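Hi everyone, thanks for coming. Have a look at the model on the screen, and I'll walk you through a few spots in it.

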Amino acid sequence: MAAPDVKHAIGLREIPGGFTAIPICFQKTSRSHHYLYVKEHKVRTEVHTTRPLDRTLLVLNVPPYCDEACLKRILSPCGHICSIEMRDKPGPVEKDDSEQSKFFKAPQPQGFSVAYVVFRKASGVAAAKKLHPKKPVVLSTDDHPIKTGIKKWISEYRDSLINTEELQAEVDAFMQEYDKKEAEEKQRAEAEDGVPDEEGWIKVTRHGKRPVMPRTQAASQKILAREKKKRAKKELLNFYAWQHRETKREHIAELRKKFEEDKQRIALMRAQRKFRPY
Amino acid sequence: MSCEYFPDLLYISKKNWSQIEELLKEVILSEEKRKKIDLFVQEVTTLLSSVPETKFTEIADQSWLPPGIKVPLLQIPFTVKGRFRMAPPRSLNVVGSYPLGTCTKPDVNVDLAVTMPPEILQEKDYLNQRFHRKRALYLCGLAHHLLCRPVISSMHFTFLHGDYIRPILLIRSADKDLHSVTLRLYVCIPADFFKPSRFHICRNNIRSAWFQGWENATQEISEPPTPHYNNGILREALIEAHLTFLNAALADFPGSKEGIMLLKIWLRQRKLDQGFGGFTGFHVSMLVAYLISRNQISPVMSSYQVFRSVLHFLAITDMTVNGITLATDPNSLGPTLSEFHSAFQVVFIDPSGFANVFADMTTNQYKQVQHEAQLSMQVWDNPNFDGFHALFMTTKTLVRSFDHVFHISCMSRLQRACNKMKLFSDIMDHNGNYVAAALPYILSILQRGLGERISLLIPVLPQTQEWSIYTDPPQHKDMGLLSFGMLLNTEHSTNILEKGPAADSVQATEFRRFWGNKAELRRFQDGSLCEAVIWDGDSLFEKRLITEKIVKHLLQLHADIPESSVNYVGGLLDRILQVGRKPCRTGEEESLKITHAFDDLNRKLWNLEGLPLTITSVQAAHSSLRHTQVFPPLPMNPDLSFFQKEKLDNSLLPLEEKPCPAYIPALQVICHMEGSGKWPQNKEAIRRIKSAFHIRLAQLLRQQYGLICRTAVNALDVYKDGFVFRVQVAYHRESHFLKEGLTSDGMVHYCNAKEKEALKLKLETVHMPLLTSVLNGLQQQHSTFGTTARLAKRWIGAHLLDACLMSDEAVELLVASLFLHPAPFNTPNSPQVGFIRFLLLLSSFDWKNNPLIVNFNGEFSAAEYTEVKNYFVSTRSNLPAMFIATPQDKKNSVWTRESPSVQILQRLIMLASESLLVLERQLSAPCSFQDMKVVFRSPLDIYDVLIHLNPKRVPRQAQAIDVPTVTFSRGALFSEAVGTKAFMPIVEFDPVSIFLKELRDAFGELALFFCDPNGGLIIAVLWKPQAFSKQTFRASHMNARLVEIGSNGAQTVPNVEAILEDFEILGAGLVEKLEIQTEKWSI
């Protein structure tokens, strides 16, 4: 295992699941290399527009220092790349409701990640799968050096300094849009209020004239709890003699159980020599 | 009858009952063993009754002694009149705890009293130690007779209770089952040989002429009384009488015997029964007998009730002032109570009316017993506390219990001290034992000098070791260490002023005499002119050492004990917290400065005009603002030439080629805004609004107060008085909206997927400020809390555990529990003892079976205690390894949910018990004082890979345990003068922690990463045990792995070579080299 290349060369095409390995290394002088495992993206159930089945390449084991730009550079010889999606682990597309924003982005995946690369043509995927470079692909070249370590952290610190005006402008824009949406929704709701649909049902909304209960889980739980309490109040406890007897018996059983538990605990402690003072 | 006095005395829970029963089972001797012991005693007794007779010789002529056997007594002066010969003993009786049935395992002592035959005694043997000499010789004779008997495996001499005049012979059986049994041979006088009145405490029985070795003394000088000597002889004569008395007294009281055993365990756990003047089992039995005679113990009482009655009696009775007596005969010729008080410090008169049971005890020793009794009563009365464990199962060693401790190492110095204090007659009374003679005087001087600064001062005399019968007895100077422990009174202990009497008063000269050259005349603000002593101390660190200065000064002045012989253990650990620049500070002053800056910012925020919503609260949420930051930041100005200037927002940037800039933490401040209908009901919109608030706040702070501010998306940094505060706006309903989602039928519900995010927000904006304010409150009550917590955190950091592996807040809560629930100890009043107790808690607490309940402000009621405990027991498997409940957080243990893991907790426990062992040994043996940092250095041999970091890039390098030899200029000006403050310094920039995070993100599945956050230059890597097992190929588990084709198909293994290189790539510039310690992966 100390010399992975030899063994690996033999098994190059036998990786289960139809993956192909592409060796990559960080720079020319690197002593060792990682492997990218690539395969066409294939799922039975879900078809999503951002990952067209025939044109998407799934890339596993992308090292932390290999970012989108870098991946693009490696794979662009196979064909034109439309988009790259980096993820923590393989899985279905998550709805990305935050629009592209400079300041309010979803956090980037950290550490090793997987990538979904969409080519313009299906041939790109096939080409990528046939990529068997003799030497490992170098990620950080003289033309495109990758920043890691101190350099990267300093530039990250620089990036964390933001332009206040831009931020303010973006916030304002977002809030205007948001207010507009809210207002529209309110208007629509108010328009619907009190107007029966074709079957005669009237929809109750929170923008109506009379205040209504919010439709939340918490509220419904509260109502249920209140109902239960009401019912419990009506119930008669220890009314019949047998009820009385039963409660008494249960109480004693409870006490006995407790005593047994205590005894067990003590036995356990004794077993652990918890009572030897010194 | 006493039950009427203490109604709760009858109450004891079932659980406690069974615990006590179990405890007693552990210490009571079994019947079988008793039979074996009886047999052994029988054999020895038969042997002893056949001691052959010898001829009379002078005492001083010891040529008849069997060769090799040395007399177990210091015979000074050697010559003494009288004749001696060996003869069979008059009687042999088993006395002490064994026949009473109160002796306890594991160290069983069976006392065999050998009464000397009267025919070898002479009429005047009471004089000048003659009896003692004869006894020692008699012991030698007996030892010789017993030599080479098959039933006996070994024989040693020792001094009973460290009393140099009472040698005894220790005999151990050859039977393996009796290896823990010691037969103690004790030679005594026939009870009726001397008249008791001869030993009246006012009489003299040692002639100074003989003792001083004067040849032709004049008979005219008045001889001083020798009460201790007299009491000693009486004690020997009364041994059997006392046994008969106790047997009679305890006969009808079955509970009392077990009660005595409980008391003996209690005493032993507190080390009260050890050394000269200790509170032994005999004293306990006598005390119980006394209480029986006073009807305070009734026959129906159980063992626990007897135990409690005795503690109660001790707690309320001061025998140093009001002695008690067992003597019933009103016509006795014995001395009066006041005569006893003038001769002894503690008085408890025995049934004969002549002897004092507590003759050897000093006032301070008695006060300690009393103090412990009071403390234990309090513990037991607290229904929420596991009193059993505190009372009987916890060992209270000297360094664990006392705030400050000091040792006098050179015992021969005490002889000079006696000369200086003119204690000739006392030395004579104590048969030349100058330690025992000097002790009361030293104690009274210290007690007076320390006055209000301490609440208790106790001496600890060493246990005398046993020695072989072929070697000479140890000298007084070989006694070992004389140790003292102090409980401080924090209100006064750090006073720099000792105000004396007015200059013209009579007491002024006495004051000057007492304080020597330290006393000076001072004019006070009210115009009075007084004698006073001023100790210098600028910082709290120095002030904590004032007691040390007083002790050393007084010992030097009055007892001629030089400073070099006094090893004071008080502030040795504090030095860990010192940072380079100011050698005599440990950070308390800095913390205060930060608090002031925060208070000012707080006021300014409240007074801001022009905010659309009002601020409802401004809360601190950083450890620096609750006095628990290991190294609180110092106010700093950036040295502009050191940085790259960024015009945008007036910020500075680090330069790559320069050393990493000094680390400035951002001090979190949570600023809650009022709730209003204007807040949007959508999490994205709330984030935007919060950003808008940050921008607005920055603008206003800049305009109205001229502060330098920098806005980030989710916070606002304010640079003020050299510190950087990170203000975060919070809206109390945000966490609700974070969790919210819509069900398919349109109902709003909380989705669990977002739970984590919401919880994190809640932790930051709700729990953290709460914790900060609660701990700040604790700091106000106990000023040592902060420093103790910092020491504890420093220790955890030094063992390469950073906040990701062991949460800082959990450590703070652990330390807080030491202050809130100190039982069976006192509240720690010095960082050192607090730290030791922290180690003790960590190593001895049963985390698996018990929740740690930290009851801030006593908010938990007894019912809530049970509720938490029951909850814990029923849901143990779902709870974190370390469960801490506080009134603010009953069931979630928010601070330990992420860390520590079971493995890390296990390691912590191991580290703590090892450190405790080493530290206690170091602190109680002054020869190893030089290096207190031993317990702060972590062994590195268990790790697989060490990543060495470049010190230039480690901003907190100077905080390392061992001060680095090479330091770097890091662009910080510490001058507090207002410089050009136009630029925001670099905040929260620590390459080491960023690197650690990257490593954990990338390789967290394969390895654990350890690093000391305070200046650690090594990141230690430990592969997880299962990391190198081969796995089948799975698309979701391919990170940093490679495929290997073997006989059983394709399998994946970690790509170690590449991973190791990744360490270097990810930390380019920071990593100096890798050191590979094991080759675990090449199986």
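Let's start at Glu53(B): it's exposed, at 54% relative accessibility. By exposed I mean over 50% relative accessible area, while buried is under 20% and partly exposed is in between, using a 1.4 Å probe and protein chains only.

Quick housekeeping. This is a predicted model, so local features need pLDDT of at least 70 and side-chain atom pairs count only at pLDDT 80 or more, while totals for chains, interfaces and linings use all residues. Residues are numbered from 1 along each chain as its sequence is written, chains are lettered from A and ligands numbered from 1 in the order in which they are written, and side-chain values use heavy atoms, with hydrogens and water left out.

So who does Glu53(B) pair with? Its side chain meets that of Arg85(B) in a salt bridge, 2.9 Å from N to O. A salt bridge here is a side-chain nitrogen of Lys or Arg within 4 Å of a carboxyl oxygen of Asp or Glu. Arg85(B) sits in the loop between β2 (83–84) and β3 (91–95), and Glu53(B) in the loop between α3 (31–49) and β1 (57–58), so the pair ties together parts of chain B that are 32 residues apart in sequence. When I say helix or strand, those are DSSP runs numbered from the N terminus: H or I, at least four residues, for helices, and E, at least two, for strands. Arg85(B), at 14% relative accessibility, counts as buried.

Next pair: Arg184(B) and Asp111(B), in a salt bridge at 2.8 Å, N to O. Arg184(B) is in strand β7 (residues 181–188) and Asp111(B) in strand β4, 73 residues apart. Both of these residues are buried.

Then there's Lys549(B) with Asp536(B), whose closest N and O atoms are 3.8 Å apart. Lys549(B) belongs to helix α22 (residues 546–559), and Asp536(B) to the loop between β16 (529–534) and α21 (540–543). Lys549(B) is partly exposed at 30%, and Asp536(B) is exposed at 58%. Salt bridges with shared partners also join Asp600(B), Arg603(B), Lys604(B), Lys720(B) and Asp721(B) into one network. How many salt bridges are there over all chains? The search finds 56.

Now the backbone. Cis peptide bonds, with omega about 0 degrees, join Lys105(B) to Pro106(B) and Ala823(B) to Pro824(B).

Last, chain A: seven helices and six strands, with 31% of its 278 residues buried. That's it from me!
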